[in-house]
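Here is a short report for a reader meeting this structure for the first time. Please look over the sequence and the model, then read on.

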Amino acid sequence: MDNDVSAGSTATTSTLGNLALGLTLLAFGIGHTGVIDGVSAANSVLLAMYVGGVALFLLGLLEYRGGNGFNGTAFAGLGIFWFTWAKGAGATVSDEAAGTFLVLFALLALTLTVAASSGLFSQGVYALLTLSLLLLAIGAFADSGGLAKAGGWVAAVSGLLGWYGATAALAKWPMSLGRAGRSAPAAG
C-alpha cells in the first residue's frame, strides 16, 4: 500500500461521519420513543451495525490518517459503540450489564462533548448523546420504560442536530446562531 495515497478530504469524511452519526442516532432514538407504531429500537439494529458501526469506524480511521484526531476518536469510538450495541441487541443480559455498557459509552460521549472545538453543533450533538445514554442507562438500572423513552427522544433530537449539521456543511447553510450572519438595518 502506498503511504502517499490521500485518505480523502477530511471535510468530506467529517461530513459523511456526522451524517452517519446523525441518521443512526435518529433511527435509534425514534425506535426507543415508540412514536411510530410497530417501530422499536430493535428495528434500527442493521442501520446501527453497518452505518453507525462499520461505516463510522472506517471513517474514523480515515480521519486519523488525515490528521484529525478528534473526529478519528469520535467516529471510531462511536462506531465501536454502535457495532457492539447492534451485535448485542436481543441478547439476554442483566439490566445492570446493559446499564453499565451505556454508562461507559456515555463517558466517551462526555469526553467528546468537552473536547469538541468545532462549535455549538458538535458540542450539542455529543452533549445530547451523553444525556441520552445516561437516561437509557438509568432506565435500564431502574427498569423504567419512561426513562428509556425520554432517552430515545433526546437521542432523536441529537440525531436531528447531527443530520442538520452535516446537511448544512454540504449545502453551505449557516450554522451560527449569533448575529454575525444578519445584515445591518437600513438607515432611515
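## A nonpolar surface patch

Leu46, Tyr50, Val54, Phe57, Leu58, Leu61, Tyr64, Ile80 and Phe83 make a nonpolar surface patch of about 820 Å². Two elements give two or more residues to this patch: helix H2 (45–65) and helix H3 (69–88). H2 supplies the largest share, 7 residues. Patch residues have over 30% relative accessible area and no salt bridge; nonpolar side chains (Val, Leu, Ile, Met, Phe, Trp, Tyr) are joined within 5 Å, and like charges within 9 Å. A salt bridge is a side-chain nitrogen of Lys or Arg within 4 Å of a carboxyl oxygen of Asp or Glu. Accessible areas come from the Shrake-Rupley method with a 1.4 Å probe, and for residues only the protein chains shown count as cover.

One of the patch residues is Leu61. Leu61 lies in H2. Its relative accessibility is 41%, so Leu61 counts as partly exposed. The classes are buried (under 20% relative accessible area), exposed (over 50%) and partly exposed (in between), with a 1.4 Å probe and protein chains only.

## Basis of the model

This is a predicted model: local features need pLDDT of at least 70, side-chain atom pairs count only at pLDDT 80 or more, and totals for chains, interfaces and linings use all residues. Residues are numbered from 1 along each chain as its sequence is written, and side-chain values use heavy atoms, with hydrogens and water left out.

## Overall make-up

The protein has 6 helices and 0 strands. From the N terminus on, its elements run α-α-α-α-α-α. Helices (H or I, at least four residues) and strands (E, at least two) are DSSP runs, numbered from the N terminus. Of the 188 residues in the protein, 39% are buried.

## How the helices pack

Start with H3 and helix H4 (residues 95–115). Their axes come within 11 Å and cross at roughly 160°. H3 and H4 are therefore roughly antiparallel to each other. Axes are lines fitted to C-alpha atoms, for helices over the stretch in contact, and angles run from 0 to 180 degrees between N-to-C directions. Angles under 35 degrees count as roughly parallel, over 145 as roughly antiparallel, 65 to 115 as roughly perpendicular, and the rest as oblique. H3 passes H4 in a left-handed crossing. A crossing is left-handed if the near helix is turned anticlockwise from the far one by less than a right angle, and right-handed if clockwise.

Next come H4 and H5. Their axes come within 8 Å and cross at roughly 165°. H4 and H5 are therefore roughly antiparallel, and their crossing is left-handed. For H5 and H6, the axes come within 8 Å and cross at roughly 165°. H5 and H6 are therefore roughly antiparallel to each other. H5 passes H6 in a left-handed crossing.

## Contacts across the chain

Trp163 counts as partly exposed, at 35% relative accessibility.

Phe101 is found in H4. Phe101 is partly exposed, with a relative accessible area of 22%. Phe101 and Phe81 are 20 residues apart in sequence and 9.1 Å apart in space, C-alpha to C-alpha. Gly66 sits in the loop between H2 and H3. Gly66 is partly exposed, with a relative accessible area of 40%.

## Two positive phi angles

Most residues other than glycine have a negative phi. Asp143 is not a glycine, yet has a positive phi of about 55°. Where is Asp143 placed? Asp143 is in the loop between helix H5 (120–142) and helix H6 (145–171). With 63% relative accessibility, Asp143 counts as exposed.

Lys172 also has a positive phi, near 60°. Lys172 belongs to the segment after H6. Its relative accessible area is 72%, so Lys172 is exposed.
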